[in-house]
Amino acid sequence: METVLVLGGTGSLGSSILEVLRQRAYRIRATARTPLKAEQLKPSVNEVVVCDPTKPETLQPSLVQGVDYIISALGKSLSLSDTSRASFHDVDFQGNLNLLQLAQAHGQIKKFVYVAAFSGEKHPNVAYFKAHETFAQALQQSGIEATIIKPPALFSAFLDLLPMARKGRLASVGPGDCLTNPIHEHEVAEACVQALTSPETVVELGGPVSYSRLELVQLVGKAVGKNKPVTKVPYWLVNSFLPMVRLVNRSLYEKAAFFVEVTKTDCVAPKKGHLRLEDYLAEHV
Ligand SMILES: NC(=O)c1ccc[n+]([C@@H]2O[C@H](COP(=O)([O-])OP(=O)(O)OC[C@H]3O[C@@H](n4cnc5c(N)ncnc54)[C@H](OP(=O)(O)O)[C@@H]3O)[C@@H](O)[C@H]2O)c1
């Protein structure tokens with residue numbers, strides 16, 4: 001039986017990846033950065049290794065020995081409830097690079113599947129996209145066969161808005177007229193597992209429906225029964241606050257800069273998903 005090492009298995013996408021791998025005939029090794037998270041992962045995998053890829057001193061050669069494939073959904077959370085100070089560069093780039101270097105030195109990896117973000121190459125000045133793109137390039141040049149998976153927003157990203165929606169505090173930045181097509185994390189997880197044995201080097205995939213950014217926020221409001229008009233925050237106001245946020249909290253600034261940037265252009269990936277966001281929100285409310 002072939003072994004897949006999964007990074008980010010404690011996250012939204014990572015847990016879907018574990019679920020898909022369990023349905024196929026793979027042996028699963030996963031990482032967790034605390035013993036508590038390792039305990040929580042144990043029932044879903046064959047083996048858990050406690051380590052933190054952002055801290056190379058915690059990575060032992062045995063992590064990659066005997067591993068046939070790696071899937072990484074390791075990345076700094078975009079959630080506003082995550083208050084860690086690590087940057088996207090620290091986690092999405094350096095954490096993944098540490099693992100890649102370990103795999104190069106001590107592994108015999110047939111394929112490394114990495115989850116980046118759709119349209120990242122168009123936003124080189126946004127830390128979130130830059131970190132993903134820079135690691136994807138390092139992986140493509142590493143000599144290990146690789147597939148880069150590029151989804152736009154995952155459905156799980158909208159769960160973060162539910163508490164604000166319940167308080168009637170939803171807001172949208174700018175006019176909110178640019179389009180995107182979020183996708184269910186389970187469908188991205190299936191693409192990750194399929195990529196282990198497919199020759200594709202880049203897989204771009206989005207959900208079946210394109211929504212404007214404003215429609216997306218309204219959809220979350222509707223899901224909790226709040227149909228109040230959404231507050232539109234003008235760009236001039238956001239732009240006057242961002243430099244101050246940057247001074248006091250770099251991590252929050254990087255997230256805010258990402259959220260503002262994605263409202264400015266359409267971000268519609270090839271429509272490969274079938275599941276609908278409306279149904280997902282109804283299930284999770
Ligand atoms: N969410 C989206 O809409 C979306 C869209 C496109 C691409 N992506 C990308 O897909 C990947 C997975 O996204 P997701 O939504 O599943 O993310 P998530 O739920 O936040 O999970 C992220 C994973 O990375 C780990 N991690 C975060 N910070 C870490 C740190 N400082 N040190 C070590 N491990 C750390 C987390 O471990 P802990 O559980 O210990 O925190 C978790 O396992 C990310 O790279 C993300 O950028 C996401």
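**Exercise 1. Work out which residues lie closest to the ligand and what the shell around the ligand is made of.**

Start with a caveat: this is a predicted model, where local features need pLDDT of at least 70, side-chain atom pairs count only at pLDDT 80 or more, and totals for chains, interfaces and linings use all residues. Numbering runs from 1 along each chain as its sequence is written.

Step 1: count the shell. The ligand is surrounded by 29 residues (C-beta atom, placed from the backbone, within 6 Å of the ligand). The closest are Thr-10, Gly-11, Leu-13, Gly-75 and Ser-77.

Step 2: look for the elements. Helix H1 (12–23) and helix H3 (88–106) are the ones giving two or more residues to this shell; helices here are DSSP runs of H or I with at least four residues, strands are E runs with at least two, numbered from the N terminus.

Step 3: sort by class. You get 13 nonpolar, 11 polar and 5 charged residues. Nonpolar means Ala, Val, Leu, Ile, Met, Phe, Trp, Tyr, Cys and Pro; charged means Asp, Glu, Lys and Arg; the others, Gly among them, are polar.

**Exercise 2. Find Val-67 and decide: buried or exposed?**

Step 1: Look in the loop between strand S3 (47–50) and strand S4 (69–72).

Step 2: count around Val-67. There are 20 other C-beta atoms within 10 Å, so Val-67 is buried (20 or more is buried, 12 or fewer exposed, in between partly exposed; C-beta atoms are placed from the backbone).

Step 3: check a partner. Gly-107 is 40 residues from Val-67 in sequence, yet 7.0 Å away in space, C-alpha to C-alpha.
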